[in-house]
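Dear colleague,

Please read them with the coordinates open beside you.

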Amino acid sequence: MAKKIILRVQSSEGTKRVEVDPSDTSVKLFEKVQEGFGLPNYSFTLHKDRTRKEEITSSRSHCVSELGLNHGDTVFLSALNSGNLWSCPDPSLPSTSGTNHVKNSSSGENLGNVGASLSASMLVRNTNGVVEDDVDLQLWKMDGKVKRKRDEKFCHHGSNACCVHCSPLEPFDESYLAEQQVKHMSFHAYLRKLTAGVDRGKFACLEEVNCRIKPGCKGHPPWPRGICSKCQPSAVTLNRQAYRHVDNVQFENPHLVERFLNYWRTTGHQRIGFLYGHYEVHTDVPLGIRATVAVIYEPPQESTRDKVVLCPDEKEPLVDELAKQLGLRKVGWIFTDLLADDLQKGTVKHVRNIDSHFLTAQECIMAGHFQNLHPNPCRFSPSGYFGSKFVTVCVTGDSNNQVFMEGYGVSNQCTALVRHNCLVPTKDAPELGFIRESSNEQYVPDVYYKLKDSYGNEVSKLARPLPVEYLLVDVPVSTPRVPQFTFTADPAITPFPVGNRMIDEHLQDFSALSRYLSQFSRKDFLAAVSDFHFLLYVATMDMLPMKDFMGPLLEAIRDKNNEKAIEWSQSENWATLEQVISASRGDTSANTSFTSNNTQEPNTSTNASDVHPDPSGEAQWTCPYCTFLNLPHLVNCEMCNLPR
């Protein structure tokens with residue numbers, strides 16, 4: 001009788017051992033894998049390699065020995081058609097639930113041995129076929145080594161040779177990073193470190209931290225009636241993350257932040273916005289990534305001096321699609337925590353410092369929630385994703401009582417705790433989080449962090465409570481020396497109002513549209529439409545939504561092609577809008593939305609509140625646009641502000 005062999009089967013839920021006979025058919029192998037993982041059906045495939053090229057077919061005529069499988073080999077399990085094999089959510093995927101209340105789970109890495117080597121195809125795609133971001137593909141093509149000049153004191157060789165004193169350094173060299181005051185190495189430098197050994201990354205594997213009980217264990221009743229070492233998640237020890245996925249956040253110009261801060265300056269209330277831009281190579285850090293911000297979109301929200309509550313946003317899919325057509329994507333979020341100190345001097349209070357906190361526990365949870373919603377494609381992760389490039393920017397006061405921006409990311413361990421609903425804020429101490437205790441509904445593993453006691457010894461402490469600095473990764477924030485402008489920012493032009501600001505002089509309505517366009521001449525049409533908030537309003541107008549016709553215009557804005565933009569302005573849809581604007585101003589000629597020159601035209605539009613008594617005593621009239629019934633003496637509709 002042939003000796004039985006043990007195969008390791010690796011999946012997104014972990015690795016299990018399966019015992020088979022070499023004479024067993026591949027059908028028997030599938031049955032044992034299905035039984036070992038407790039899968040409800042056979043909607044999975046098995047492969048001999050990580051890249052899913054050598055598939056194991058289910059056959060009754062081929063045995064295990066014919067498949068070339070030997071004792072100790074690893075088989076890779078994946079779902080058919082990228083489905084979900086388990087009834088509960090895959091812990092490697094981001095959760096779609098999370099709190100939306102803010103005031104004021106990138107998971108930690110576990111390097112395990114995998115039985116299959118990294119093939120060349122992994123340099124393009126990860127194991128689940130998810131294509132990496134363009135900036136990641138660019139960085140993989142780069143050498144990454146830090147070039148050094150010949151040292152005149154220690155180098156005694158010719159100009160074409162090199163020695164230990166002038167040879168290039170690896171991008172993860174600790175002494176170089178310390179010399180350049182780089183606190184965290186870049187994520188790609190960290191990946192190069194994993195693949196720098198003699199095995200060239202053959203056994204490198206980045207696995208998400210799992211805080212859930214592994215399903216399918218049949219040796220005992222399910223939790224809370226039973227648990228064992230096979231299905232119980234391991235305890236988590238928090239470590240300060242040595243790398244970061246984004247090394248710098250750069251706003252294209254100061255106007256972006258000033259426009260965002262105008263709301264706080266007007267109301268004194270805090271504000272949240274989403275950052276749209278793109279990722280690019282950051283040359284100041286070896287193999288670094290920079291998030292460049294082109295626009296700040298402010299979602300619907302309710303705010304006070306002390307808190308912000310995000311509201312459901314029906315326009316979010318359209319905002320993302322609009323940004324995509326402009327070559328942008330959501331790269332982070334920004335929020336204010338500003339308290340006025342001296343109104344005469346224009347100073348603000350310095351409330352976030354080393355003696356208090358940098359981010360509150362609630363803000364860390366919110367950041368972890370957003371990072372889970374925007375995972376980072378990674379070729380070394382069994383799930384296809386690891387960590388997140390989504391950044392957090394806090395606008396607060398610095399030590400000089402001036403407005404200052406600080407950037408952060410939360411660690412992969414933190415996002416895992418958030419994803420599995422293990423981390424909650426404390427009531428009275430914003431700098432402390434708290435790890436939930438296990439209940440009948442949820443098992444929570446023990447979470448520890450390390451600190452030094454009074455004798456200088458490093459001891460582990462249960463994270464109840466938890467200082468949030470163990471979860472933070474610093475990300476510098478800057479603006480370029482030469483401002484960049486994806487969208488127009490002329491100081492002589494009054495910008496179009498930002499959406500979702502329910503305060504006077506910040507409302508988006510037809511009168512605001514008319515006033516804004518009156519500042520531009522026909523030849524400056526591209527400059528007029530190069531405003532993200534203007535484009536979003538035009539796309540979603542109740543009277544004449546233009547989202548279905550804006551494709552060529554968005555392409556012209558992305559390419560900065562004024563001729564294409566002017567050509568689009570001659571379309572029937574835009575001409576109709578111009579005629580309505582002209583009628584609202586009382587003009588009789590068509591196509592008078594723009595001035596004849598670059599000077600601003602006096603505003604001739606009539607507000608809906610303007611009352612003109614009608615001596616004829618005629619009856620109420622119905623607005624032809626919104627069907628609102630108006631009083632006879634009104635010239636413009638009281639509801640939509642369009643002309644009678």
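Where does proline 465 lie? Proline 465 sits in the loop between strand E23 (458-462) and strand E24 (466-467), where helices (H or I, at least four residues) and strands (E, at least two) are DSSP runs numbered from the N terminus. The peptide bond that leads from arginine 464 to proline 465 is cis, with omega near 5 degrees.

Please bear in mind that this is a predicted model, in which local features need pLDDT of at least 70 and side-chain atom pairs count only at pLDDT 80 or more, while totals for chains, interfaces and linings use all residues. Residues are numbered from 1 along each chain as its sequence is written, and side-chain values use heavy atoms, with hydrogens and water left out.

A cis peptide bond also joins tryptophan 223 and proline 224, with omega about 15 degrees, and proline 224 belongs to the loop between helix H4 (187-194) and strand E8 (236-238).

Asparagine 401, in the loop between strand E18 (391-397) and strand E19 (403-410), has a positive phi near 60 degrees although it is not a glycine. Asparagine 401 counts as partly exposed because its relative accessibility is 24%, which falls between buried (under 20% relative accessible area) and exposed (over 50%), using a 1.4 Å probe and protein chains only.

Lysine 560, likewise a residue other than glycine with a positive phi, here near 55 degrees, lies in the loop between helix H12 (551-559) and helix H13 (562-569).

Finally, asparagine 412 is found in helix H8 (residues 412-419) and is buried, because its relative accessible area is 0%.
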